[in-house]
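Please look over the sequence and the model below before reading on. The report concerns how the chains meet one another.

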Amino acid sequence: MIQDLLVQGTQMALVLLLAPLLTGLVRKVKARLQRRRGPSLIQPYRDLNRLLGKEVVLSENASWLFRTAPYVIFAVTWVAAALVPTFATGLLFSWSGDLIAITALLGSARFVQALAAMDIGTSFGGIGASREVMIASLAEPAMLMIVLSVALIAGSTQLSTIADYMASSAAGLRMSLALGLVAFIVVALAENARIPVDNPATHLELTMVHEAMVLEYSGRHLAMIELAASLKLLLYVSVIACIFFPFGFGGGYAIGLLCYLVKLGVAGVLLGVFEMSIAKMRVFRVPNFLGAALMLSLLGVLLLFVSGGM
Amino acid sequence: MIIPALFCIAALLCLSVAGAFFATTPSGRTIVYGGSLLVSIASLLIALLSIGAAPETVTLPIGLPWTGANFNLDPLAAFFLAVVGLGSAGASLYALGYGRHEHEPQRVLPFYPLFLAGLNLVVLAADAFSFLFAWELMSLASWALVMSHHRESGNAHAGYVYIVMASFSGLVLLLCFGLLAGTTGGYAFSAIRAGHPSSGVAALALLLALIGAGSKAGVVPLHVWLPLAHPAAPSHVSALMSGVMTKVAVYGFIRIAFDLVGAPTWWSAVIVLAVGGITAVLGVLYALMEHDLKRLLAYHTVENIGIIFIGLGLALAFAANQLPAAAALALTAALFHVFNHSVFKSLLFFGSGAVLTATGERDMDHLGGLIHRMPKTALTFLIGCMAISALPPLNGFVSEWLTFQAILLHPDLPQWGLKIMIPADGALLALSAALAAACFVKAFGVTFLGRPRTRAAGQAREVDRFSLYAMFGFAALCLLAGIFPGVMIDLLGPVTQALTGTHLPTQLGLEWLSIVPIASARSSYNGLLLFVFVAGSASITALVIHRYASRSVRRAPAWDCGFPDPRPITQYTGASFAQPIRRVFGTVVFRAHEIVTMPPPGDIGPARIEKHLSDLIWDGIYAPIADVVWRLSLALNALQFLTIRRYLTFVFAALVILLLVLALWQ
Amino acid sequence: MTHGFDFDVSHMLAGGLVLASFAMLYQDRLYALINVLALHALILTLSVAWQAYIQQAPHLYVTAAIALGFKAIIIPMALRRMVHRLGIHREIETVVSIGLTMLAGIALVALSLMVMLPVTAHADPVAREDIALALSVVLIGLLIMVTRRNAVSQVVGFLSLENGVNLAATGAQGMPLVVEISVAFSILIAFIVVGIFLFRIRERFDTVDLEALDRFRGERR
């Protein structure tokens, strides 16, 4: 029991420590592709440290919701990330929330974030919140359909059980899994505010979605929100890794940790390369993009219902 | 325990009479609402005690001479009686404070206990006559309450549409019961059950029940009265109509479809699933386009009824395929959502009533910044919004999670209609959940957050303590039902046992109080642990950062890009917030389009933007029917002006035709 | 259900063809549409080659080579040159919005599964699902032809339809080489004729937009 508790605690600390590193890796890869040197890999840690020590500047209209939102968003994202198997499956509290609960927890974080954006009473918050809920209204159903198709194949919605099933030989190549992977990557890009859906490094308010929601935040609040965004990226990469590339879960904690770090590295490099190769879409092309993901995931579920072997 | 339940109804009837007499006195409000509160709590306790007990029947010698009036309290009736009792207790407590602002109490006070009595009677009725009598009593009492502010614009039209649709639902249910009673004419439910209707009759009766009870519950396309009538009534009555009356209509459907009709067919399940899915998505899309707070909540009720019918359709599908455990899970999910919706919808209507009292405004584009002026109302409204958007660890998430688990249970059903309809419904459910979250970010964000857009919003004050007690109580219930869902699932065990023959495994003994509806290897959820983890990590993080990093705060104006504009009119309104979604979904569903007229450069006139939305259901179904009826009545108007000889010719012709029919029949 | 590795791969490739058809539904620029057509033909090549391997039917390798040579390389190149010379490398106007088109595509896949799976209940499982997916590729090809206004995109839809027919034929293990060669040649001839016609139409009427061409039909409506 104590050992299980320690392993679960280590996993929670691990995701927290690795999240800024993943963000730093993506930025470094993008910079190198642009023939710049780019900020160092540990720059996000330095940024967080700096922000934590700064004074918070609150707008005159901000309410208690604005002040507590960063902590709630961070806590919810951290709990969701702690439920995902990273270096081992079957952790102590992994049964308290399955994939549907993880999706809904991320939805709560988005809900609170959008409300905090509306709290200031300027149009920037409104633009961020309204675009974010439009993206979410298509991305969340796509995510749930992917969860359904994976759960139908693996026979459970618990991530540990799914990872174990996918790692065993019973899974095989399934068309619904391929459709699910494509759709999941699209949803992950949309939810993490990556190109082509949103530009995480933009300074133009008219092109912002996520950045417009956090425009008013400063100091320790901004640090919490940035850490939550990095955690969310890590969470999505971990979920893709544990469902679609479940290597390394059977060999003990050290092998699992090594495999996990390799997967994170590969994902970071691929994300950086992908972001550099295409341009950001117009806001009203994003529904077509996400609608395609929703259709693909719906097709995956339909195939599983209609013809059992697919 | 059925006799005490009937005594409660008698007490409500007495309160109604007392309300008629004491309406204009200052203590009239206390008598009626306080009395209703006590009676509702009593009936809630009776219901909770009767859920696990054996069914009881009693026959009173009133009503039709050859059947009497049968009343029955079995687990299903007990559960719905508990829902009614809880909703009416909350509404009565709320009304103790809210009723102070009623200008014409004599139009509301006598009918309120009558409405409650009707709701209770429908649930207890055990023969067709008492059922329909109670149904009509419920409709008429609520119609009187809807018309209580008949001088306000739109309320008279709302009342008119409501009474037409209510009569339609009563008529269809009459047909349904007539069909079920058959040629033997036994109207008691026990007689109908024993009669074993043939499968054709049973299927037709289920469809009629879907139309009749569904119209009262608010399924698309029979929902048109709901967004007109629910906002027109006073807020505590709106809460009752949305939160409780729609559930009583769902009870009617469950009673007919699961109990009286016998074994369901799979294609009726397909119809219910289709209706449920379409209702869910259309309801929330309509809600997103609204800027009147109460109309938004009323359209949202339509969406939740859709979700309940999706669960009921799944239960019918599994029952038709002889899978009782799966049917029990789907039915539990639907009934849990019945409870959840009655709690959080009432809470939201109480909140909107509080806003209406404090500011006099229902239009969210005239509100804003209320979180500073009405903090307690804002907190409870926020909990209601989070619960209805199915966010963990609140209760809305649990019923949605159970519905998804039911969808995942049996992908290998043999019928093609079900193979296609069930995943389609899963997609529609997911879509409606995401859109509901968007809708409530808009509702809470535009109404309570930001800066006040009118002086009324800027001068609002917190409401009285009774309203706050009611709202805090329901908010606490939302949280408790989300953290301890096992209690609810075990409470629903006897209900599903009676209807499907089996019940979910007992949840309360499981470690850490998680719920495991099927098997622990398959799926589990622990609301308590998630709540503890989230609350714990948030508090610890805040403590650590405040202690070791920094806790200083400075106030400054908001970022304005260098173009300061202090007017709050530059904020996002409800329509602006919904514009991206209106553009994505609305162009198809509502033929939404915007017309922008810009003055030429140099002209200082204002630019205009108009948005046009058409309600395709009203234009496509109801307007043509109304048109035909109008033309028919105009044509028949000529009958008013005939001579005496023509009238006598009519009488003579009718007599001759009847005699001919009699002759041919022989 | 556990199936062999052979079945999984052929299944995956048939599914990839359906995915490429959906990608064609989604595209609204002509060059991208032609690129996806090339990808479509490439996946068809791989699928036919895999069928040749597991059925041990060497004549299917020739079919695969034809698919690769003609449909994946020559025809897309020719189409690209045609588009460039016609000067229409701009946005396609679709008749119905992309979301509804994709929803119709899903309904068509469900329909073809609903029709084909019960009908072929006694056949070889590899062939069954391949034929069902091939029918959906054919139907989606027809959907592309119905929802586009530009003549070149209609040709693309027709070619993807033909790819679907090819998939069905190879999956059913009943396509002799001579049939394949004659079909491929007739497609080539039809293609050349269509190309000539498109240029003549363009010379005459200055447009290949079918809605505009409707006005010149002669009979006023």
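What follows describes two interfaces in this predicted model.

**Chain B with chain A**

In this interface, 82 residues of chain B and 78 residues of chain A take part in the contact, and the rule finds 22 residue pairs in polar contact, both residues at pLDDT 80 or more. The side of chain B that touches chain A draws two or more residues from each of several elements, including helix H15 (375–388), helix H21 (527–548) and strand S3 (553–556) of chain B, while its largest share, 18 residues, comes from H17(B). By class, this side of chain B has 53 nonpolar, 20 polar and 9 charged residues.

Strand S1 (residues 56–59) of chain A runs parallel to S3(B) and is joined to it by 4 bridges, with A:Leu58 standing opposite B:Arg555.

**Chain A with chain C**

Here 22 residues of chain A are in contact with 25 residues of chain C, and the rule finds 0 residue pairs in polar contact, again counting pairs with both residues at pLDDT 80 or more. Helix H7 (175–191) and helix H11 (286–306) of chain A each supply at least two residues of the side that touches chain C, and H11(A) gives the most, with 10 residues. That side of chain A has 15 nonpolar, 5 polar and 2 charged residues.

| Interface | Buried area | Share on carbon and sulfur | Salt bridges |
|---|---|---|---|
| Chain B and chain A | about 6900 Å² | 72% | 1 salt bridge |
| Chain A and chain C | about 2000 Å² | 78% | 0 salt bridges |

Definitions and conventions
Residues numbered from 1 in each chain as written. Chains lettered and ligands numbered in written order. Predicted model: local features only at pLDDT ≥ 70, side-chain atom pairs only at ≥ 80, totals over all residues. Heavy atoms only, no water. Contact = heavy atoms within 4.5 Å. Buried area = accessible area lost by both parts, 1.4 Å probe. Salt bridge = Lys/Arg side-chain N within 4 Å of Asp/Glu carboxyl O. Polar contact = N/O pair within 3.5 Å; in protein donor to acceptor, adjacent residues only side chain to side chain. Nonpolar A, V, L, I, M, F, W, Y, C, P; charged D, E, K, R; others polar. Pairing = 2+ DSSP bridges.
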